[in-house]
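Good morning, colleagues. Please turn to the sequence and structure on the screen, and we shall consider the charged side chains.

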Amino acid sequence: MPENSNRWTSDHLMKPGGTAVYAAQQRERLRQMADEVRALLGEYRADLENIQFDGDKPFEARIRAYLASRPLAQLEKDLRTAVNHVGKLDPEFQRRYVELPAKREKKAEKKELEKAHKKGLATARAVNTAGHLNGLTSALVEPTGDGKGVVQKTGTDGGQNTFLDFLEKRA
């Protein structure tokens with residue numbers, strides 16, 4: 001139990017490791033109680049089985065003892081279930097209040113990184129597309145081996161060569 005206190009409070013549980021200590025203490029206490037109930041159940045059932053009534057059929061005393069001691073058996077079962085529930089206290093606290101903020105922070109960082117990456121890709125695509133277009137236009141405008149441009153230049157050279165002419169010459 002925490003120092004300077006006779007009982008657990010929420011403040012004690014909120015301290016680092018508080019839920020783990022509380023859960024360990026309660027699990028041990030509940031296990032001891034379940035073990036005591038199991039031992040008592042065994043003794044009680046055995047004593048009940050020894051009580052015979054006139055006219056009992058075979059195993060009737062045993063069945064009667066089993067049925068009469070079922071509430072104790074259920075109590076033991078409930079205590080064992082409580083041990084398991086208390087064991088889940090600290091892992092649930094850790095998952096929901098310790099790990100969750102860190103997980104959300106990582107997720108936010110990842111989202112920011114993806115956002116920046118997408119923004120960078122969009123810029124890269126625009127630059128890349130512009131580069132391709134620039135390369136195409138310069139290839140079309142640059143003179144070929146015969147000194148004439150690929151595309152007809154309006155207002156220059158006075159030539160009437162068109163792109164189709166260029167393709168015909170290449171073929």
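Is Lys115 buried or exposed? Lys115 is exposed, because its relative accessible area is 53%; exposed means over 50%, buried under 20%, and partly exposed in between, with a 1.4 Å probe and protein chains only.

This is a predicted model, in which local features need pLDDT of at least 70 and side-chain atom pairs count only at pLDDT 80 or more, while totals for chains, interfaces and linings use all residues. Residues are numbered from 1 along each chain as its sequence is written, and side-chain values use heavy atoms, with hydrogens and water left out.

Lys115 is located in helix α5, residues 89–141; helices are DSSP runs of H or I with at least four residues, numbered from the N terminus.

I turn now to the salt bridges, of which the structure holds 8. A salt bridge is a side-chain nitrogen of Lys or Arg within 4 Å of a carboxyl oxygen of Asp or Glu.

In helix α2, residues 18–49, Arg31 and Glu28 lie 3 residues apart, about one turn of the helix. Their side chains form a salt bridge at 3.7 Å, N to O. Arg31 is partly exposed at 32%, and Glu28 is partly exposed at 39%.

A further salt bridge joins Arg62 and Glu49 at 3.9 Å, N to O. This pair links distant parts of the chain, with Arg62 in helix α3, residues 60–68, and Glu49 in helix α2, 13 residues apart.

Asp56 and Arg64 also form a salt bridge, at 2.8 Å, N to O. Finally, a network of salt bridges links Asp35, Arg38, Glu76 and Arg80.

Key
Helices (H or I, at least four residues) and strands (E, at least two) are DSSP runs, numbered from the N terminus.
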